[in-house]
Amino acid sequence: MRETKYWFWHIVCGFVMLFLLGLHMIIMHLDEILGVFKFAGERVLAFENVASRSKMIGFACIYVLLVGAALYHGLYGLRSMLLELSMIKPLHRLINIGFWILGVILFIVGAAGSIIFIIRFG
Amino acid sequence: MFKRYKNYLGIAGWGVGRRWGIERYLYILHRITGLGILSYFLLHIFVTTSRIFGEEVWEFMMRSVDKPIFKIGEFMVFLAFCFHGLNGLRLIFIELGFKLAIGEAEEPVYPYKTSLNKQRPLLFVCMVICIVLVILGGINFIRVFHF
């Protein structure tokens, strides 16, 4: 039952990412063709452009949600691949705990980036 | 609790499609692209968080990754995302068995009606959209870096 719940959230996160990461990809990799959310200057990665997006509460929320969804989806996917390798039970437990710790630490780093930026420059 | 079966082939089991169809190869590619995106994403978190230290640090970070190898890598990530996202959407549609035009999951009994008549057109639609996005991304890439 718990595995089904984990798997369900993996799908939900994948679906959420399709839109949020899709938006991120449109901004970053179709900037010359579509040019969306380029508020300051031509370079999409210029600090002025990055700052103008990061200062917006909506974008900050999107980034935090995206970091969480991407970490869960990615680490769950990798965990599933590792568990397929028929390892011994204690190793399963180690992988589960290790991935949760790694995920939480990376989420804190990623989310802190968005929150601290607004506090410092917003 | 799921019953776990022994994986006698190990990692080799992921790569050998043998008599299976195109879906099997998409499954392998889905895993490879997933691993690629994850590896990039873990580093991406640290690079993007550097913006909190101000413009100088950010521009220094951007200059350090402003090399053809990184740019090609970024395009590969875009390509991987297009494939992984659209193939993932296809998998969600099939897995959840929406009664649109796809049909619900059923026992894999020959001649696999659901797979061939309903699921495969979805596969082609997703892959065509993926190719269109990759071409657009490629044009953008060429425009930005003047290759």
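In the predicted model, A:Leu30 touches A:Met25, A:Gly35, B:Phe78, B:Leu136, B:Gly137 and B:Asn140, with residues up to four places away in sequence left out of the count. A:Leu30 is located in the loop that connects α1 and α2 of chain A. Its relative accessible area is 6%, and A:Leu30 is therefore classed as buried, the limit for that class being under 20%. The C-alpha atoms of A:Leu30 and A:Val44 are 10.0 Å apart in space, for a separation of 14 residues in sequence.

A:His29 belongs to helix α1 of chain A. Beyond four places in sequence, A:His29 touches B:Glu74, B:Phe78, B:Gly137 and B:Asn140. A:His29 counts as buried because its relative accessibility is 17%. B:Phe78, B:Gly137 and B:Asn140 are likewise among the residues touched by A:Leu30.

Across the interface as a whole, 45 residues of chain A are in contact with 41 residues of chain B. The two chains bury about 3900 Å² between them, and 71% of this area is on carbon and sulfur atoms. Of the area that chain A buries against chain B, 16% is supplied by A:His29, A:Phe47 and A:Met81, more than by any other three residues. Polar contacts between chain A and chain B number 10 residue pairs, counted where both residues have pLDDT 80 or more. Two or more residues on the side of chain A that touches chain B are given by each of α1 (2-29), α2, α3 and α4 of chain A. The largest share of that side, 11 residues, is contributed by α1(A).

The count of salt bridges between chain A and chain B is 1. Side chains of opposite charge can pair when their charged atoms come close. In the pair that crosses between the chains, A:Glu84 forms a salt bridge with B:Arg31, and the closest N and O atoms are 2.5 Å apart. B:Arg31 lies in helix α2 of chain B, whereas A:Glu84 lies in the loop between α3 and α4 of chain A. The two partners fall into separate accessibility classes: B:Arg31 counts as buried at 12% relative accessibility, and A:Glu84 counts as partly exposed at 30%.

Over all chains, the count comes to 4 salt bridges. One of them joins the side chains of A:Arg79 and A:Glu3, at 2.7 Å from N to O. This pair links distant parts of the chain, with A:Arg79 in helix α3 of chain A and A:Glu3 in helix α1 of chain A, 76 residues apart. The side chains of A:Arg79 and A:Glu3 are also joined by a polar contact of 2.7 Å. A:Arg79 is buried, with a relative accessible area of 8%. When neighbours within four places in sequence are left aside, A:Arg79 is in contact with A:Glu3, A:Tyr6, A:Ile95, A:Asn96 and A:Phe99.

Helix α4 of chain A covers residues 89-121, 33 residues in number. From first C-alpha to last, α4(A) reaches 48 Å, close to the 48 Å expected at 1.5 Å a residue. A kink of about 25 degrees in α4(A) is centred on A:Ala112.

Chain B contains 5 helices and 0 strands, in the order α-α-α-α-α along the sequence. Of its 147 residues, 38% count as buried. Among contacts in chain B between residues at least 6 apart in sequence, 60% join residues at least 24 apart.

Within chain B, the side chains of B:Glu74 and B:Lys71 meet in a salt bridge at 3.8 Å, N to O. Both residues lie in helix α4 (residues 68-96) of chain B, 3 residues apart, about one turn of the helix. An α-helix has 3.6 residues a turn, so residues three or four places apart point the same way. Both B:Glu74 and B:Lys71 are buried.

B:Ser50 occupies the loop between α2 and α3 (55-64) of chain B. With a relative accessible area of 5%, B:Ser50 is buried. Leaving aside neighbours within four places in sequence, B:Ser50 is in contact with B:Val57, B:Trp58 and B:Met61. B:Met61 is 11 residues from B:Ser50 along the chain, and their C-alpha atoms are separated by 7.7 Å.

Notes. Residues are numbered from 1 along each chain as its sequence is written. Chains are lettered from A and ligands numbered from 1 in the order in which they are written. This is a predicted model: local features need pLDDT of at least 70, side-chain atom pairs count only at pLDDT 80 or more; totals for chains, interfaces and linings use all residues. Side-chain values use heavy atoms; hydrogens and water are left out. Helices (H or I, at least four residues) and strands (E, at least two) are DSSP runs, numbered from the N terminus. The expected span of a helix is 1.5 Å times one less than its number of residues. The bend at a residue is the angle between axes fitted to the seven residues ending there and the seven starting there. Contact means heavy atoms within 4.5 Å. Buried area is the accessible area (1.4 Å probe) that two parts lose on being put together, summed over both. A polar contact is a pair of N or O atoms within 3.5 Å; within protein, one must be able to donate a hydrogen and the other to accept it, and residues adjacent in sequence count only if both atoms are side-chain atoms. Buried means under 20% relative accessible area, exposed over 50%, partly exposed in between (1.4 Å probe, protein chains only).
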